[in-house]
Amino acid sequence: MAKKALGKGLGALIQKQEASSISTKSQANSGQDGQPGSFDSSVRLVSVDQVVSSPLQPRKQFTEGMLDDLMESIRQHGIIQPLITRQVGDKLELIAGERRLRASLRLGLTEVPVIIREALDKDVLEMALIENLQREDLNPIEEAAGYVRLSKEFKLKQENIAKQVGKSRASIANAMRLLDLSEKAQNFLSQGLLTVGHGKAILAIKDPEAQDSAAETIIRKKLTVRAAEKLAQEFENQGASDKASKPSKNAPSAADQKVIARIQKQLTKDFSTAVNLNHSGKKGSIEIEFKGNEELYRILELLGVSMKKSNLLKD
């Protein structure tokens with residue numbers, strides 16, 4: 001499978017002419033045992049123990065199957081593309097080449113080819129994110145987290161991120177929204193048990209626990225994305241119904257409601273018109289119904305409110 005072009009960050013570290021020379025020479029000089037041969041002066045062979053992973057690496061999960069093909073390639077042809085590193089103390093910290101390093105360790109190689117470059121933390125993080133995002137090495141949650149880091153730590157707008165990784169702004173926005181899912185749903189996505197389409201469907205559910213239940217149902221029943229969207233709507237409708245039927249924590253008790261009913265009945269009798277008494281906790285209201293000006297003035301007099309009759313209110 002052909003690899004996508006590297007991002008601008010890596011392009012700044014590896015000049016095209018240099019990369020071409022490295023690839024040609026490494027293939028020509030690779031040994032049958034998978035050990036890399038001699039390289040030009042821009043590439044160094046160093047002890048594999050000298051190279052360490054970067055804490056800025058955006059990818060958190062590495063499966064065994066992910067390395068099998070790469071290991072076979074290295075066994076047959078050697079490491080064609082050197083690891084990109086920077087000097088940190090007495091170690092060489094990876095900027096690019098995490099899988100190549102892991103595959104080399106599993107193969108038992110003692111040396112690996114590296115290119116050493118100067119780079120700040122900001123540069124390393126940006127380049128690592130862009131390389132992984134462009135090569136589609138990240139699972140959906142790692143990808144989303146990568147976009148969020150580019151947005152927050154580098155103050156990049158979604159349009160800028162989209163341009164950097166060669167995707168549409170809408171796809172960036174939709175990916176970032178996956179981080180609004182519950183932790184369990186995110187884990188299912190990371191493990192490949194749910195697709196991005198399923199994740200988007202679950203986002204229609206606001207309650208995290210309901211998201212968990214929906215995710216488990218989708219996996220158990222092997223639902224399609226369309227079926228997942230329908231399920232999510234059912235969960236959300238049920239949640240709204242439960243919320244509407246759930247009594248307020250300030251709602252009066254059954255005993256209080258009986259007292260309120262008696263007061264309302266007495267007021268209706270006293271005013272000779274319909275009276276509604278609303279009471280919830282420390283607040284409430286009394287609604288007195290009237291028909292026409294004459295009844296209004298009658299009720300006002302009963303309330304002890306003295307007003308001169310006027311014709312401002314028409315029957």
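Thr273 counts as buried, because its relative accessibility is 10% and buried means under 20% relative accessible area, with exposed over 50% and partly exposed in between (1.4 Å probe, protein chains only). The structure is a predicted model, in which local features need pLDDT of at least 70 and side-chain atom pairs count only at pLDDT 80 or more, whereas totals for chains, interfaces and linings use all residues. Residues are numbered from 1 along each chain as its sequence is written, and side-chain values use heavy atoms, with hydrogens and water left out.

Thr273 lies in the loop between helix 13 (254-271) and strand 6 (275-280); helices (H or I, at least four residues) and strands (E, at least two) are DSSP runs numbered from the N terminus.

Five strands form an open sheet of mixed pairing, in the order 1-5-3-4-2, where two strands pair if DSSP finds at least two bridges between them. Strand 1 (44-47) and strand 2 (51-52) are the edge strands, each pairing on one side only. Four bridges join strand 1 to strand 5 (residues 111-116) in the antiparallel sense, and Val46 stands opposite Val112 in strand 5.

The largest nonpolar core has 22 residues, and Ile95, Tyr147, Leu150, Ile161 and Ile172 are those with the most contacts inside it. Such a core is a set of buried Ala, Val, Leu, Ile, Met, Phe, Trp, Tyr and Cys residues joined through side-chain atoms within 4.5 Å. At least two residues of this core come from each of strand 4, helix 5, helix 6 (140-153), helix 7 (158-165) and helix 8 (169-177), and helix 5 gives the most, with four residues. A second, separate core of 18 residues includes Ile141, Leu189, Ile205 and Leu231.

The lining of the second largest cavity includes Ser54, Ile95, Glu98 and Val124. On a 1 Å grid over the protein atoms alone, a cavity is a set of points where a 1.4 Å probe fits but cannot get out, and lining residues have an atom within 4 Å of a point. Strand 4 (91-96) and helix 5 (121-135) are the elements that give two or more residues to this lining, and strand 4 gives the most, with three residues.

Key. 1 Å grid on protein atoms, 1.4 Å probe; cavity = no way out; pocket = protein on both sides within 12 Å on 5 of 7 lines; lining within 4 Å.
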